[in-house]
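The following exercises ask the reader to work through a protein model step by step.

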Amino acid sequence: MENNSIFDMIGPVMIGPSSSHTAGVARIGRVAHHILGNQPSDIDILFYNSFSATYQGHGSDRAIIGGLMDFHTDDPNIKNALEIAKENNINIQFKGTNHLLKHPNTVEIFAQNTENKCTVIGESLGGGVINITSVDGYKCSFSAMLPTLIIKSTDHRGSLAFLADVITHEDCNIASLYVSRKEKQGEGCFFIELDSEIRQTTIDYLKTMNWVRKIIYLNINNL
């Protein structure tokens, strides 16, 4: 039968059944893994809205745990992620809830190990595309489709201009910028998506600033 549709959607290479319920969820998990910096020992997952009713049947539970263990979206181990996590003594808790103000396909992750902990909220938008909306309580909006700098800092006058200048000297363009603070004159966080990769030496230089508390670099080639 001839297909007369003028639109075709090409999704990601993935373990099914759904790009929004598995591929996107796995990518959110991988973002959380790289923000944490290593494999977690304890994981609490909160699925919102449509995810809360379908996460088991559609494999979102396996996808999120697979992502948190740094499995790519096409890794066949995603199918056995829960069993693999158990073998690695990873403690996991799942919950579901509804929230009218959140995207239908939203997942909240709390992950920790002996060295670090993080909280990440992400939306799975379809076709494997995601939007990260919160990191450690800081509001944000980035897709992890581009190299992304996450810079936690104290409230320092001129910090934004300084960061823009350093990035300019790297011959990089800023694709998007989100600045978040929990309170006035309190600690803040910069989320900077870049059009191209940034050198490790530049990241190391930024870490020497006395107002920089922590830098996380998410590289699209690793996600």
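**Exercise 1: The sheet and its pairing**

In β3, Glu 108 is the bridge partner of Leu 46. The model is a predicted one, in which local features need pLDDT of at least 70, side-chain atom pairs count only at pLDDT 80 or more, and totals for chains, interfaces and linings use all residues. Residues are numbered from 1 along each chain as its sequence is written, and side-chain values use heavy atoms, with hydrogens and water left out.

Task: State how strands β1 and β3 run and how many bridges join them, then describe the sheet by its strand order.

Solution. 

Step 1. Strands are DSSP runs of E with at least two residues, helices are runs of H or I with at least four residues, and both are numbered from the N terminus. Two strands pair if DSSP finds at least two bridges between them.

Step 2. Strand β1 (residues 42-48) and strand β3 (residues 106-112) run antiparallel, joined by 6 bridges. Strands of a sheet pair through backbone hydrogen bonds, either parallel or antiparallel.

Step 3. The open sheet has 6 strands in the order β2-β1-β3-β4-β5-β6, and its pairing is mixed. Its edge strands, β2 (91-97) and β6 (138-142), each pair on one side only. On average, neighbouring strands of this sheet are turned by 20° against each other, direction ignored; axes are lines fitted to C-alpha atoms, for helices over the stretch in contact, and angles run from 0 to 180 degrees between N-to-C directions.

**Exercise 2: A helix on the sheet**

Task: Determine which strands helix α3 touches and which of its residues are buried.

Solution. 

Step 1. Helix α3 (residues 60-68) packs on the sheet and touches β1, β2 and β3, where contact means heavy atoms within 4.5 Å. The direction of α3 makes about 140° with that of β1.

Step 2. Buried means under 20% relative accessible area, exposed over 50%, and partly exposed in between, with a 1.4 Å probe and protein chains only. By this rule, 8 of the 9 residues of α3 are buried: Ser 60, Asp 61, Ala 63, Ile 64, Ile 65, Gly 66, Gly 67 and Leu 68.

Step 3. After α3 comes Asp 70, which lies in the loop between α3 and α4 (81-87). Asp 70 is not a glycine, yet its phi is positive, about 70°. Asp 70 counts as partly exposed because its relative accessibility is 25%.

Step 4. Ala 144 counts as buried because its relative accessibility is 0%.

**Exercise 3: A nonpolar surface patch**

Task: Identify the residues of the nonpolar patch and the strand that gives the most to it.

Solution. 

Step 1. Patches are made of residues with over 30% relative accessible area and no salt bridge; like charges are joined within 9 Å and nonpolar side chains (Val, Leu, Ile, Met, Phe, Trp, Tyr) within 5 Å. A salt bridge is a side-chain nitrogen of Lys or Arg within 4 Å of a carboxyl oxygen of Asp or Glu.

Step 2. The patch is formed by Leu 160, Ile 174, Leu 177 and Val 179, which together have about 300 Å² of accessible area, from the Shrake-Rupley method with a 1.4 Å probe and, for residues, only the protein chains shown as cover. Strand β8 (residues 174-181) gives the most, with 3 residues.

Step 3. Leu 160 lies in helix α5 (residues 159-169), whereas Leu 177 lies in strand β8. Leu 160 is partly exposed at 38% relative accessible area, and Leu 177 is partly exposed at 39%.

Step 4. Leu 160 and Leu 177 are 17 residues apart in sequence and 10.0 Å apart in space, C-alpha to C-alpha. Leaving aside neighbours within four places in sequence, Leu 160 is in contact with Leu 177 and Phe 190.
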